[in-house]
Each structure stands twice: as C-alpha cells, then as structure tokens.
Amino acid sequence: MPKWLKDAVFYEIYPQSFYDTNGDGIGDFNGIIEKLDYIKELGCNALWINPCYDSPFSDAGYDVRDYKKVAPRYGTNSDLYRLFGEAHKRGIHVLLDLVPGHTSEQHAWFKESQKAEKNKYSNRYIWTNAAFQPAKGFLYIGGETERDGVYVLNFFKSQPALNYGFLNPDPKEEWQLPMDHPDCLATREEIKDVMRFWLDHGCDGFRVDMADSLVKNDDKEKSGTCAIWRDVRNMLDEEYPDAAMVSEWNAPERALNRGGYHMDFYLNWGGNGYNSLFRDYETGEDNSFFKKDGKGDIMRFLDEYVPRYEATKENGYYCLITGNHDTRRLKKSLDDSELKIAYTFLFTMPGVPFLYYGDEIGMRYLDVPTKEGGYFRTGSRTPMQWNRKKNDGFSTCPADALYLPVDTSSDAPNVASQEADETSLLNTVKALLSLRHQEEELQADAEFEVVYAGARKLPFVYRRGTIFIALNPSTESVSAPIEAEDKEIIFSIGSGDVEEGRIVLGPQSCMVLK
Ligand code: GLC
Ligand code: CA
C-alpha cells in the first residue's frame with residue numbers, strides 16, 4: 001500500500017473545464033499548473049485528471065485513440081510531464097485515467113483489427129467469424145468493416161471492447177478465446193506497457209475506467225477480471241511500489257480483496273446507500289439524509305456501507321466522493337448550509353475522499369445541451385468559476401467559443417468571492433481538510449464505528465479512533481445520550497454542546513470532538 005494514500009485528499013479535474021490559458025475556450029495543462037497552488041491551499045494533495053489523451057471525443061476522451069499521446073487541445077506530452085513535476089514540487093500526486101476496457105474505433109489497433117487480412121491485431125478486439133454471426137449476449141456492430149465479422153462494444157458505438165478473453169468460452173461459439181490465449185495475454189501486456197509509459201514519465205498511478213469490464217463471460221465473482229488486476233498489482237508492487245490504483249467498480253470485496261486495488265469508489269449505482277445521502281431524488285422521492293427537512297434515514301447508507309467497509313478495510317480503501325463527471329452535482333439537491341454538513345461527513349470518514357472540481361464552491365448542475373457524449377452528465381462538466389470576470393474567469397475567449405457555457409447567473413458561486421468570505425463553503429472545505437491533515441484519526445486508516453444512529457433518529461454520531469463526529473442536518477435541535485465530557489470541540493458548525501452524558505446539537509449543526 002503506497003504510504004501517501006493515508007493522508008491523501010483527491011481533487012478530480014475534468015481538464016476541458018478547469019482553466020484555459022491560451023484563450024481557445026478549452027482548459028489545458030498549463031491551466032492546471034497555474035492552479036496547483038489553489039488546489040494545495042484548498043487542502044487537496046492529489047489529483048485525478050480525466051482522460052487527456054488523443055481522442056475523437058465521442059465520449060469526452062473515454063474513447064482513446066492513442067494511449068501514449070495527449071490530446072493537442074490540452075497541450076503536449078512535455079506539458080503534462082511538466083505538470084507532474086510542478087505537482088510533485090508541491091507535494092501533490094497525480095493519477096491519470098486509464099481506460100483499459102475499450103479504445104476509440106479510430107485507434108490504430110482497431111484500424112488493423114478490422115482488416116480482412118489476418119494480422120497481429122486481428123484478435124485485439126472481440127470478433128465473430130462472420131458478418132452474419134451475431135455476438136450473442138453482447139452489444140455488437142456489424143456491416144461497417146472490411147473484415148467479415150461483427151465486433152463487441154464495451155459502451156458507446158465508438159468504443160469497441162479490447163479482448164482479454166473469456167473466462168468460460170462457450171464451446172459452441174468458437175470465436176470466444178480463452179483468457180490464456182496468447183493474443184489475449186498480449187492485450188494485457190499492452191495495457192501494462194501503457195501504464196509503465198506514464199509511470200516512467202512521473203505519473204503516480206491511475207483511476208481505472210470500468211475496471212470490471214475486462215474479461216467476458218466472467219463468473220459472478222468476476223474471478224477472471226480480478227485475476228488480471230491481481231497480476232497488474234504484482235507488477236506494480238515489484239516495479240512501482242508507490243503507484244496507486246483506484247477502480248470505478250463499486251464492489252470493494254472484488255476490487256480490494258481480490259483484484260489488488262488500493263482504492264475503490266463508492267458510487268451512485270449498484271445499490272442506493274450512497275444516493276440516499278444526497279441524491280435520493282434519483283431513486284424516487286427526495287429523502288436525502290443531508291436535506292434540512294430531516295426526512296432522511298442514515299441507516300439506508302450504513303446498512304450498505306458498513307458491511308462493505310468491514311469486509312475490506314484490511315485490504316484497501318472504499319472511497320467516498322462528492323460527485324464526479326458522471327453524477328449530477330450535489331448542489332442540485334443541497335444548498336450551501338446542507339452542503340457544509342455533508343462535507344463534514346465526507347471529509348471525516350475513512351478511506352480516501354475525492355472532491356470533484358467546483359464542488360468546493362457549490363457549483364450548480366446546469367441545464368446545458370449535451371457535449372461529447374455527455375448527455376445528462378454535461379450539466380456537471382461546465383467550466384470552473386474562478387471569479388466574476390469574463391466567462392467567470394475560466395477563459396478570455398468569446399462566450400460562444402467556450403467548451404461549454406459558464407454559469408451566467410448573477411449569484412453564480414465563484415472562488416474569488418468565497419475566498420473573501422470567512423463563512424463561505426470554500427472556507428469551510430478548507431477548514432475541514434486542514435483538520436483532516438492535522439488529525440491522524442480523521443485520515444484514511446483510523447477505525448470507524450457507529451456510536452448513535454437509527455431510522456429517522458438524529459443526531460448521527462460516529463467515532464474515528466478516539467474522535468467523535470456528531471451531525472445534525474435537520475432544522476430541529478437534537479440530542480443523544482453519549483459520554484463525551486472529557487472531549488474538546490475541535491471543529492463545529494452551528495451550535496452544540498456536551499452536557500452531562502449528552503451531546504446536544506442546534507439546527508443544522510455538527511461537532512468534531514477530540
Ligand atoms: C466510465 C466513465 C464514463 C465513460 C464510461 C465509458 O463510466 O466514468 O464517463 O463514459 O466509463 O468509458
Ligand atoms: Ca486552452
């Protein structure tokens with residue numbers, strides 16, 4: 001386990017939308033470099049940058065055309081290497097996004113693979129033996145290629161699946177190759193080669209896209225895919241022991257216990273524990289726990305999270321996120337007063353927290369037309385709001401040249417105004433992250449235990465080592481029988497007290513007690 005993860009706090013950057021330094025309306029590497037001091041002051045000491053590789057951008061760069069070359073719109077490979085160096089100078093680690101399950105249909109491998117004549121890349125993707133032979137059980141495309149066969153997709157039409165083989169090839173479907181077929185092993189080695197390329201240039205690891213998608217006809221436990229990741233982890237342990245891997249999987253028992261991942265994300269799909277905290281509207285009526293109407297139920301989260309945490313905590317980190325480029329922004333359902341309590345929770349929980357750019361100022365989920373395969377996700381991908389200047393300080397280009405429109409409302413949150421306001425969301429996030437760095441027991445490893453919680457019962461109180469965290473998202477005053485007289489308040493929002501044998505919290509309040 002890379003030691004630096006213990007006190008890591010990640011900042012996710014969607015590079016298109018972070019900061020534009022050459023006035024073309026699109027964010028760039030130099031923009032990220034210019035804002036590293038901002039990120040450091042915020043309290044984040046690690047970055048995850050969404051795919052920044054050469055791509056036709058049918059899926060915002062998750063359709064990679066060249067794994068080893070950056071997209072010219074962000075700068076050059078050398079600019080990215082410089083970014084690694086500048087980040088390291090400030091004690092910031094950088095993860096790139098690895099997309100191992102598929103490439104763009106414009107990748108050189110695919111161009112070779114679709115040729116009628118057999119070549120080195122024929123089996124790099126998954127093809128049936130004839131254009132009229134369907135790839136049963138899969139999404140597939142036929143009729144577009146020189147080659148007589150159909151090919152399997154991993155996601156959008158533009159993203160053919162790379163071939164890592166089938167765990168249990170169907171004997172009646174002779175085109176399904178076993179995992180240990182030399183051509184499937186070659187795919188695996190190519191991805192390791194891509195990883196080595198970036199790690200050798202100074203990158204510190206990867207966020208892995210659709211990490212569970214490699215092996216086809218895998219079993220329920222994803223044994224085939226886990227075996228590949230375990231093999232990758234062995235390579236890292238030997239060659240790059242400080243490199244970190246986080247999976248987009250939301251299955252920590254697989255990712256952490258069997259797949260060798262250091263971290264796995266708790267995501268807004270595959271259950272509803274995470275959504276029940278602040279995106280409950282996605283699953284029905286909005287009874288999000290952090291809404292001030294107090295109709296939420298923390299057990300919906302705990303019943304799902306605690307068993308997963310307990311089952312995996314020895315092997316890695318099950319990580320909480322404020323959101324990401326695929327979710328709606330938290331601000332869609334929570335106002336700033338609600339967000340402050342939600343962030344107190346997110347930044348005092350075990351594992352490694354991930355903050356999506358702009359969530360520190362409460363950027364809104366905007367109603368904008370789809371861009372580069374974003375659809376509903378596009379509303380969470382708009383340019384960062386730095387100040388009240390032109391285009392919210394994101395770019396000096398004409399407004400119609402922007403990658404995506406900026407929030408033009410008169411009260412659009414921005415960094416400069418919030419820096420000047422002591423009570424702002426931004427300053428609350430800074431205070432919380434600085435507290436986390438100061439208190440080892442609030443970081444990734446210290447034990448987590450529920451102290452007081454129940455269906456529609458408030459406050460919610462939990463323990464990290466010897467530190468107590470008590471949260472009251474509702475507008476009612478609440479109290480709980482908890483012995484904490486010997487403790488000191490080291491952080492608070494709103495009003496709260498420890499009386500004889502009780503913790504008392506005013507409306508929308510929280511306390512951290514040491
Ligand atoms: C992941 C990415 C998402 C992308 C998809 C296909 O879910 O986070 O943005 O569209 O994979 O690569
Ligand atoms: Ca630019």
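In this predicted model, the largest pocket is the space taken by ligand 1. Let's look at what surrounds this molecule. Its shell holds 13 residues, and those that come nearest are Asp59, Asp209, Glu248, His325 and Asp326.

| Residue | Distance to an oxygen atom of ligand 1 |
|---|---|
| Asp59 | 2.6 Å |
| Glu248 | 2.7 Å |
| Arg377 | 2.9 Å |

How much of ligand 1's accessible area does the protein cover? On its own, ligand 1 has 310 Å² of accessible area, and the protein covers 96% of that.

Now turn to ligand 2, a calcium ion. Its protein donors lie 2.3 Å away: Asp20, Asp24 and Asp28 each give an OD atom, Asn22 gives OD1, and Ile26 gives O. Along the sequence, these donor residues follow the spacing D-x1-N-x1-D-x1-I-x1-D.

Is Ile26 buried or exposed? Ile26 is buried, because its relative accessible area is 9%, under the 20% cut-off. Asp24 has a relative accessibility of 36%, so this residue counts as partly exposed, a class that lies between the 20% and 50% limits.

Technical notes
Residues are numbered from 1 along each chain as its sequence is written. Chains are lettered from A and ligands numbered from 1 in the order in which they are written. This is a predicted model: local features need pLDDT of at least 70, side-chain atom pairs count only at pLDDT 80 or more; totals for chains, interfaces and linings use all residues. Side-chain values use heavy atoms; hydrogens and water are left out. Donors are N, O and S atoms within 2.8 Å of the metal (3.2 Å for Na, K and Ca); water is not among the atoms, so sites may look incomplete. Buried means under 20% relative accessible area, exposed over 50%, partly exposed in between (1.4 Å probe, protein chains only). A residue is near a molecule or strand if one of its heavy atoms lies within 4 Å of it. A polar contact is a pair of N or O atoms within 3.5 Å; within protein, one must be able to donate a hydrogen and the other to accept it, and residues adjacent in sequence count only if both atoms are side-chain atoms. Accessible areas come from the Shrake-Rupley method with a 1.4 Å probe; for residues, only the protein chains shown count as cover. On a 1 Å grid over the protein atoms alone, a cavity is a set of points where a 1.4 Å probe fits but cannot get out, and a pocket is an open set with protein on both sides within 12 Å along at least five of seven lines; lining residues have an atom within 4 Å of a point. A molecule sits in a cavity or pocket if more than half of its atoms lie within 2 Å of its grid points.
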